[in-house]
Amino acid sequence: MRTLFRYIGIVALLSLGACALKQAPSRTEVLDQALPKTTQVPAQWQSEAEAEAEAVADNWLQLFEDPQLQAITLEAIANNLDLRQAAERVSIAQQNLIRVGSRLRPQVGAQLGARTTRDDDQGSGYDSSSAYVGVGWELDLWGRLRAQRAAAEAGYEATALDYAYARQSIAALVAKSWFLAIETRQLVELAETAVNVFSDLLELVQARQTSGKGTDLDVADVSAKLAAAKSDLEGALQSYGEARRSLEVLLGRYPGAEIAIASDYPQLPPAAPASIPTALLDRRPDVIAAERSVLEAFRREEAAELALLPSISVSLLGGRLDDQLLSIVQLNPWLATADVGVSIPVYEGGALRASVKIATAQEALAVAAYGATVLDAFREVENALANDRLLAKRIPYEEDALKNRVRAAEIASLQYQAGARDLLWVAQLQLESLET
């Protein structure tokens, strides 16, 4: 028993003297490694260089003031099957963290057994039983197990952030799909208008032909345009159905093209405020997830390097063996053993060194992926800011062009009826007004 306590004391001393893990690289260090040396992150967005940086709010969906859009977005978050898969990956990563972390704790097991032996020649038999409890513990003297747990923790955080980004992406995709469905519905209505316009124009041309003022060429030309308009209407109906089915799949519904779509776009919200570029690194879940993946790879590399060092394990076993033979020799049926083992890697055929090189390459891969994610995020924001400004400038011009083309088409129709214009001019203006 004295020896057993000595072993326990040795274990405690070794545990207290365990080495600390390496300091993880800071975000600045990772970013410097991830981006090319010539790439400099500006202090302000280039697309909004003259604008003052503002805090970015998370209520973008409410800014549209569209209850139906909000309702289907919540439905998608609740029912989308891709999002459900992302949630299960978070659960798997969480349980993996528990599994890896359990290696730092003692492993306790029990064994029960019973046996009956009978000697047919002697006509006798005897029973024996055993009950043991064993405790095994690998001492994490160098920090290999702690590095593995830290890697699993970073992996879990990255997976949870990927899920958060997936939620945001689903919400954005639902909004885009909703606006696309509204657009395709309006295209259907526009195609129906074109059919009506050319139907009316065909009646006018036929009436002029009857009165001797029109020609067969005019009738054939307008008839062709009417047929093309009807074909465009069928194509618009096809696109409208596909847009609704795509939206229904996002919501977890059967794609039956039955969802009701608004006839008009919601009111355009004000331009979103823009913070400074570096603030994006703290706000976007996909960027933070890529950063956590770098930390995960860093800890895996550390664990691979520590696997080259000896490992120390302790095992304790105690229990009772009720056996007739022990009773005959008058031995104590209570047994206890304690072992301390040291495993030293001597020759592994290069496997451990290869594992270190693989982990090093995986860390470099994670760093490069982080840099790509950061640049892609910067690109998306710069595009959005530039497009907001440019589209805001285009809207008045487009509205003015539409108003004037519609007016021109009306005037040309009146002039054609009066015989002052030919049919080609009228048809061309009608097409331009419909395409605006």
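How many cavities of 30 Å³ or more does the count come to? The count comes to 2 cavities. The structure is a predicted model, and every value below is computed from it.

## Cavities

Rolling a probe the size of a water molecule over the atoms shows where empty space is left. In this model, the largest cavity holds about 60 Å³ of space. Its lining is made up of Glu138, Leu139, Asp140, Leu141, Trp142, Gly143, Arg144 and Leu145, together with Pro310, Ser311 and Ile312.

Three elements each give at least two residues to this lining: the strand β2 (124–139), the helix α5 (144–210) and the strand β3 (311–322). Sorted by class, the lining of the largest cavity has 6 nonpolar residues, 2 polar ones and 3 charged ones.

## Helix α2

Helix α2 covers residues 27–34, and Val30, Leu31 and Ala34 in this helix are buried. These residues cover an arc of only 100° around the axis, so they sit on the same side of α2. Thr28 and Gln33, on the other side of α2, are exposed.

Helix α5 has 67 residues, which at 1.5 Å a residue should span 99 Å. The C-alpha atoms at its ends are 95 Å apart, which agrees with that expectation. Just after α5, Gly212 takes a positive phi of about 85°.

Tyr156 is one of the residues of helix α5. With 23% relative accessibility, Tyr156 counts as partly exposed, since buried means under 20% and exposed over 50%. Tyr156 and Leu97 are 59 residues apart in sequence, and their C-alpha atoms are 7.0 Å apart in space.

Gly214 is in the loop between α5 and α6. A relative accessible area of 15% makes Gly214 buried. The C-alpha atom of Gly214 is separated by 9.3 Å from that of Leu204, with the two residues 10 residues apart along the chain.

Helix α6 runs over residues 216–250 and has 35 residues. At 1.5 Å a residue, α6 should span 51 Å, and its end C-alpha atoms are 51 Å apart, which agrees.

## Aromatic pairs

A pair of aromatic rings is described by the distance of the centres and the angle of the planes. The structure holds 4 aromatic pairs. In the pair of Trp45 and Phe378, the ring centres are 5.8 Å apart and the planes stand at 75°, so the pair is edge-to-face; the cut-off for that class is over 60 degrees. This pair links distant parts of the chain, with Trp45 in the loop between α2 and α3 (67–79) and Phe378 in helix α10 (residues 351–417), 333 residues apart.

Are Trp45 and Phe378 buried or exposed? Trp45 counts as buried, at 4% relative accessibility. Phe378 is buried as well, with a relative accessible area of 11%. Elsewhere, Trp60, Phe64, Phe179 and Tyr265 form one aromatic cluster.

## Positive phi outside glycine

Glu65 is not a glycine, yet it has a positive phi of about 50°. The residue lies in the loop between α2 and α3. At 62% relative accessibility, Glu65 counts as exposed.

Ala257 is another residue other than glycine with a positive phi, near 55°. It is found in the loop between α6 and α7 (280–283). Ala257 counts as buried, at 12% relative accessibility.

Technical notes:
Residues numbered from 1 in each chain as written. Predicted model: local features only at pLDDT ≥ 70, side-chain atom pairs only at ≥ 80, totals over all residues. Heavy atoms only, no water. 1 Å grid on protein atoms, 1.4 Å probe; cavity = no way out; pocket = protein on both sides within 12 Å on 5 of 7 lines; lining within 4 Å. Points joined across faces, edges and corners; volume = space filled by probe spheres on them. Helix = DSSP H or I, 4+ residues; strand = E, 2+ residues; numbered from the N terminus. Nonpolar A, V, L, I, M, F, W, Y, C, P; charged D, E, K, R; others polar. Buried < 20%, exposed > 50% of the residue type's maximum accessible area, 1.4 Å probe, protein only. Arc of directions from axis to C-beta. Expected span 1.5 Å × (residues − 1). Phe/Tyr/Trp six-rings, centres within 6.5 Å; stacked < 30°, edge-to-face > 60°.
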